[in-house]
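Please look over the model before reading on.

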Amino acid sequence: MTPTQWDFPVELCCRPMAFVTLTGLDVVYNAVHRAVWDAFCANRRADRVPISFKVLPGDHEYPKCRTKRTSYEWYIPKGILKTGWMNKHLNLVPALVVVFYELDWDEPQWKEKQSECATRVEIVRQSLQGRNTKVAVVLIQKKTPLPPGEDVIASERAAALCNACDLSGKSLFVLPHTDHLVGYIIRLENAFYEHAQTYYYTEIRRVKSHKEFLNKTTHQLLFVRHQFKIAFFSELKQDTQNALKNYRTAYNLVHELRAHETNMLEIKTMAGFINYKICRLCFQHNTPLDAIAQFRKHIDLCKKKIGSAELAFEHAAWMSKQFQAFGDLFDEAIKLGLTAIQTQNPGFYYQQAAYYAQERKQLASMLCNHDSSVVYPNPDPLETQTGVLDFYGQRPWRQGILSFDLSDPEKEKTGILCLQLKEKNVLHSELIITLLSNAVAQFKKYKCPRMKSHLMVQMGEEYYYAKDYAKALKLLDYVMCEYRSEGWWTLLTSILTTALKCSYLMAQLKDYITYSLELLGRASTLKEDQKSRIEKNLIKVLMNESPDPEPDCDAAAVKASQKLWADRVSLAGSNIFTIEVQDFIPFVQCKAKFLAPSFHVDVPVQFDVYLRADCPHPIRFSKLCISFNNQDYNQYCVVEEAYQKSDILEQSSQGTMCLVPGKTRKFTFKFVAKTEDVGKKIEITSVDLILGSESGRCVILNWRGGGGDAASSQEALQAARSFKRRPKLPDNEVHWDSLTIQASTMIISRVPNISVQLRHEPPALTNEMYCLIVTVQSHEETVAKDVKLTAGLKPG
């Protein structure tokens with residue numbers, strides 16, 4: 001995403017490092033110079049000193065230094081902090097300029113070379129006019145030098161060179177270009193770092209010296225500015241403890257400034273910058289609780305500082321950015337080893353940032369709903385001559401004007417209008433979704449499933465507003481499963497309502513039917529009239545007509561979807577949809593029950609299927625079929641009824657297949673088991689109820705096993721624990737809750753119609769024939785053939 005005016009500047013968010021420029025290196029055409037430069041840049045591990053290097057030509061123009069002010073008596077500051085100041089000290093004004101020069105101690109033309117080197121140093125000094133930047137010289141040499149004091153010529157010439165260049169001995173270095181280049185470079189940069197430290201120390205002293213000239217009445221802004229500069233220079237000097245101390249002082253000073261609608265944005269901008277620095281340093285010092293405490297204090301101090309009421313969306317945008325930035329800092333600290341906990345993790349800050357982004361969207365829709373006839377003013381009051389603001393947080397059309405009375409109310413009006421028209425084009429939903437998805441990722445990481453679900457619903461709704469209905473459905477579908485299993489019916493209904501709108505606007509037939517079935521069911525908390533409307537629409541879809549639009553949908557989206565529905569109606573493609581019920585809670589419930597746990601093979605197997613509808617109006621089905629693990633029985637367990645297409649919503653309950661809301665309907669089935677199934681289990685594998693007709697559209701509700709859906713097990717548990725007395729019902733009706741599903745039965749062999757009598761007279765003596773008399777009598781209606789009689793004795 002492109003940076004917006006609310007994003008913190010890069011130079012505020014980076015780690016400040018001492019800035020050192022290297023001159024006299026030709027890194028393109030000179031291999032030795034290239035190797036030197038690579039050794040400075042490449043592979044800068046954490047143990048190397050924090051310096052930012054840049055190669056510049058010797059006559060490079062550095063930013064001009066303004067003449068030093070001798071008195072602040074008549075000086076009125078125009079703002080707190082210039083927009084270019086941080087970048088200037090990070091990337092433009094060096095703490096040290098190093099002049100590289102190829103020169104050996106035994107150089108025959110020493111005099112000429114010495115004066116050329118001195119000239120180069122002089123050119124650098126000229127370009128730094130008025131600045132306290134240090135200058136150093138590095139001689140690139142071919143040979144390894146002798147130990148100090150042994151080379152007499154070297155020490156003489158070094159002294160002469162320092163004299164000619166007006167350098168102290170500490171600012172002249174030798175760099176032998178040998179095998180140990182990287183080692184020498186590391187020693188060099190350590191020395192550069194010391195010089196840079198001295199420079200920043202001098203700068204801090206210089207800024208501090210201004211303090212005695214300031215007075216509290218006209219120079220309030222300067223107190224903040226100077227304190228910020230001291231803190232920033234301390235960071236460049238890598239003195240983070242002092243930096244933190246000075247930022248804290250600066251923060252308190254910002255809140256002492258006289259605030260008014262006209263300067264509120266500047267005060268908040270600077271407060272936000274300084275707060276960011278404080279929190280960042282607290283995390284860096286491994287004191288996360290201090291960072292959190294500072295951030296809370298910051299929000300408490302600033303949340304009421306709204307500024308201009310016509311630009312209230314700006315305050316929400318600013319608040320959102322504060323939370324997002326803190327979330328980023330927190331997350332970064334965790335990646336570097338900080339431990340977060342479930343109740344205190346970056347997710348909460350991203351969530352709050354998303355909340356303010358949503359508030360910004362609402363405020364923008366109220367404040368920026370200008371007619372399309374309103375044109376953007378010309379010339380643009382938001383344009384500045386340089387393209388950037390002079391001071392952070394000021395208005396482009398009145399830069400540097402600190403009076404609280406607006407000199408030009410017309411200009412002010414135009415400026416506000418421009419800001420409103422610009423806000424109108426902001427893609428708010430994108431911002432909100434990004435923040436919510438950051439929060440979801442964090443809550444997933446810290447195992448907070450309910451927070452995650454809650455935010456995923458908000459993301460889904462945001463995608464809905466952004467007209468990305470497919471993504472909205474994907475997210476909402478994911479969350480629905482959790483809310484169904486936990487029984488959050490009000491939440492489920494709310495999500496289903498949005499999901500139904502999405503499926504309507506995309507003309508997704510199967511989804512539309514599924515959500516309608518569920519919104520008519522017992523888990524839905526919709527009012528009767530809303531259910532009635534949904535049921536009528538469902539009937540229309542089953543009769544291959546287009547449904548009426550869902551309420552509160554975007555008019556343009558409805559127009560587009562009506563065309564899609566018309567196409568769906570004219571297409572003759574597959575119009576049969578199977579809906580697996582166990583993942584949903586449709587408006588029809590089903591329970592199948594064998595009348596006994598086992599049946600003899602010669603007795604017909606009997607079972608009942610109970611159906612009950614929860615929709616507002618009676619509804620007709622065209623077919624009910626039961627499937628078994630032995631498919632031969634399927635053919636005997638079908639109820640079918642042909643009816644006119646127009647009778648689908650027949651108000652009478654005459655038809656076999658008409659379900660009246662709230663009434664339990666029983667269907668009884670019988671079949672004779674096959675002999676090969678003796679000793680086996682017969683199981684109902686599924687119950688299919690067919691809604692609609694082949695000529696229009698068909699919906700097959702499929703229950704696995706003997707019925708039950710996503711909420712059944714929970715309800716069965718509640719019914720079992722309930723002590724409520726059930727009211728007495730007429731003889732032909734049953735209590736739905738008291739019905740249990742019995743989806744399987746055993747087939748056992750039939751009871752034989754033969755009597756057997758055994759007569760014998762004990763005891764049996766050893767070696768004696770023993771007589772057994774068996775009388776077998778058949779009571780069968782037909783003759784029993786192939787009878788075989790075997791007798792056996794118990795062993796032992």
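How many cavities of 30 Å³ or more does a search of the whole structure find? The search finds two. This is a predicted model: local features need pLDDT of at least 70, side-chain atom pairs count only at pLDDT 80 or more, and totals for chains, interfaces and linings use all residues. Residues are numbered from 1 along each chain as its sequence is written, and side-chain values use heavy atoms, with hydrogens and water left out.

**Domains**
- The domain assignment (automatic or from a database) gives domain 1 (1–65 + 72–236), domain 2 (258–438), domain 3 (489–573) and domain 4 (588–643 + 654–748).
- The centres of domain 2 and domain 3, taken over C-alpha atoms, are 40 Å apart.

**Cavities**
- On a 1 Å grid over the protein atoms alone, a cavity is a set of points where a 1.4 Å probe fits but cannot get out; lining residues have an atom within 4 Å of a point.
- Grid points are joined across faces, edges and corners, and a volume is the space filled by probe spheres set on the points.
- The largest cavity holds about 100 Å³.
- Its lining includes Thr-262, Glu-266, Arg-395 and Arg-398.
- By class, that lining has three nonpolar residues (Ala, Val, Leu, Ile, Met, Phe, Trp, Tyr, Cys and Pro), three charged (Asp, Glu, Lys and Arg) and five polar (the others, Gly among them).
- The second largest cavity holds about 50 Å³.
- Among its lining residues are Phe-8, Tyr-276, Phe-295 and Phe-326.
- Seven of the residues lining the second largest cavity are nonpolar, three are polar and none is charged.

**Second largest pocket**
- A pocket is an open set with protein on both sides within 12 Å along at least five of seven lines.
- The second largest pocket holds about 960 Å³.
- Of its 37 lining residues, Arg-66, Trp-85, Lys-88, Arg-225 and Lys-229 lie nearest its centre.
- The lining has 13 charged, twelve polar and twelve nonpolar residues.
- Domain 1 and domain 2 each give at least three residues to this lining.

**Strand S7**
- S7 pairs with strand S9 (residues 605–613) in the antiparallel sense over seven bridges; pairing needs at least two DSSP bridges.
- Gln-589 has Arg-612 in S9 as its bridge partner.

Technical notes:
Helices (H or I, at least four residues) and strands (E, at least two) are DSSP runs, numbered from the N terminus.
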